[in-house]
Amino acid sequence: MSDGGNDMIAPDRRALLKSAVGLATTTIAPGVTLYAFGVAEVGAKPADQAVTSAKRWGLLIDINKCPPGCDKCVTACSEENGWKSSGHPETDAQWIRKVTLRDPRTGVKREAPAMCQHCASPPCVDVCPTGASFKRADGIVLVDKHICIGCRYCMMACPYKARSFVHEEHDDQKVEAPRGKGTVESCTFCVTRVDAGRIPACVEACAAKAGAAMTFGDLNDPASDVSKALASGASAQIRADLGLDPGVRYRNL
Amino acid sequence: MAAVSLRRILLAALVVVGAALGLLKAEAADRTPVPQPVKPATAEKCVADTQFMRRNHMKMLLHQRDETMHEGIRTKQYSLANCVSCHAVKGADGKPVVYSDPKHFCRTCHSYAAVRIDCFECHASRPEEKAKAADASAGSRDAALSALSAHVAEMKR
């Protein structure tokens, strides 16, 4: 089932894990307060330890809180990861974008940010011939650009059109977001930030400058913000029919 | 008699060697200069001793690369970003140079050894500017504070 790792972790082990990362947490406003004081929001893991499947990172996006015309999440991602339009929209980077959904009968329009959905069974990983496209133990789907040959098979396989190919040479990359010509890239959930216990740039920007539509956290931890938000009402997966169990969920879609 | 001819042979040999040296000297101007990598002023010593680093830096980077990429292990000691930030060489404009500049720390040796590296096709070849970094942290602090106030407002509601 979705959030499958949950059942596999014994409650006492979960409590142990929680206490290990939770020493610095406070009971009031666990998400925002901790970040404001510069301490881990989502539980920083020690830098020398590998990620494990005890966590599965996920995101809930409430479309009702997503203001029309707002692109704060997109700009934040672009600034954080150093991608920008090359002037060729057809080949531009697609880490995150706003999509407009319109009901042709009523003309009602909704907007939603779309990015890599960090599937539990990612088709991009299935098709990658070199193993460059992979899913980390904590559910973040990434491209290992060291072994990516730029065949773009993953771009074809992704039902969310979440990946893009780097067509131009760059020498102004961000230290934490390497990207280069000839490789495929996509949303990383701001993996270096997450490893440091911070939240993705889009989520941070949305909370600070827009409608706080995005909730990020550990889907395996029933006490996390995102799990609580998911438990509080209905949510939807895009193309749920494909059974990919995406880590990104939408509400009021 | 024998002594004289020996002296002649020696003289001839000297002339030949001298000419060869002269040729080498003329050629040297066209060759990639012998690297003289600049030691960073910011750190007292490297993560390992120089001889070890010369021979093994690529192995350490490769090892760290896979651990970081696939397991999220982000220790600083052997990270490429750490190398780049210590070994940044400043250019004429006072800013650290990028890999396309022949003065770049990695470039000096790699040009000489004719070893083409592709690290910097994707990775940043210079540290992020400090002023910028300070701005960014101030920005995120602001963001955090407004996120906090938004959260408090929501709690009150």
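## Fold of chain B

Along its sequence, chain B follows the pattern α-α-α-α-α-α. The model is a predicted one, in which local features need pLDDT of at least 70 and side-chain atom pairs count only at pLDDT 80 or more, while totals for chains, interfaces and linings use all residues. Residues are numbered from 1 along each chain as its sequence is written, and chains are lettered from A and ligands numbered from 1 in the order in which they are written.

Chain B has 6 helices and 0 strands; helices (H or I, at least four residues) and strands (E, at least two) are DSSP runs, numbered from the N terminus. Chain B contains 157 residues, of which 18% count as buried. A residue is called buried if 20 or more other C-beta atoms lie within 10 Å of its own, exposed if 12 or fewer do, and partly exposed in between, with C-beta atoms placed from the backbone. Two residues are in contact if their C-beta atoms, placed from the backbone, lie within 7 Å. Among the contacts in chain B with a separation of 6 or more, 52% are between residues 24 or more positions apart.

## Helices of chain B

Helix α2 of chain B covers residues 50–71 and bends by about 65° at N56(B); the bend is the angle between axes fitted to the seven residues ending at a residue and the seven starting there. Q64(B), T68(B) and M69(B) are buried in α2(B). Just after this helix, G72(B) has a positive phi of about 70°.

N82(B) belongs to helix α3 of chain B, residues 80–86. N82(B) counts as partly exposed because 16 other C-beta atoms lie within 10 Å. Apart from its neighbours within four places in sequence, N82(B) is in contact with K76(B) and Q77(B). V47(B) is 35 residues from N82(B) along the chain, and their C-alpha atoms are separated by 9.8 Å.

In helix α4 of chain B, residues 105–113, the residues F105(B), C106(B) and R107(B) are buried. A114(B) follows α4(B) and has a positive phi, near 55°.

## Chain A and its confidence

Chain A has 9 helices and 9 strands. Of its 253 residues, 42% count as buried. Residues 24 or more positions apart supply 62% of the contacts in chain A with a separation of 6 or more.

The mean pLDDT of chain A is 86, and 83% of its residues reach 70 or more; pLDDT is the predictor's confidence in each residue, from 0 to 100. Over residues 1–11 of chain A, pLDDT stays under 50, and the model has 11 contacts beyond four places in sequence for this stretch. Over residues 14–40 of chain A the pLDDT is also below 50, and this stretch has 31 contacts in the model beyond near neighbours in sequence.

## Strand pairing in chain A

In chain A, 3 strands form an open sheet in the order β8-β1-β9, with mixed pairing; two strands pair if DSSP finds at least two bridges between them. β8 (214–218) and β9 (248–251) of chain A stand at the edges with a single partner strand each, so one side of each is left without a neighbour in the sheet. Neighbouring strands of this sheet are turned by 20° against each other on average, direction ignored; the axes are lines fitted to C-alpha atoms, for helices over the stretch in contact, and angles run from 0 to 180 degrees between N-to-C directions. β1(A) and β8(A) run antiparallel and are joined by 5 bridges. G58(A) has G217(A) in β8(A) as its bridge partner.

Strands β2 (residues 96–102) and β3 (residues 109–115) of chain A pair in the antiparallel sense over 7 bridges. Opposite K98(A) stands P113(A) in β3(A). The hairpin of β2(A) and β3(A) has 6 residues between the strands, and G107(A) takes a positive phi near 80° there.

## Buried sites in chain A

C66(A) lies in the loop between β1 (57–62) and α4 (72–81) of chain A. This residue is buried because 23 other C-beta atoms lie within 10 Å. Leaving aside neighbours within four places in sequence, C66(A) is in contact with I61(A), E111(A), A112(A), P113(A), G211(A) and A213(A). From C66(A) to S186(A), which are 120 residues apart in sequence, the C-alpha to C-alpha distance is 22 Å.

Helix α8 of chain A, residues 201–209, is mostly covered, with 8 of its 9 residues buried. The buried residues of α8(A) are A201(A), C202(A), V203(A), E204(A), A205(A), C206(A), A207(A) and A208(A).
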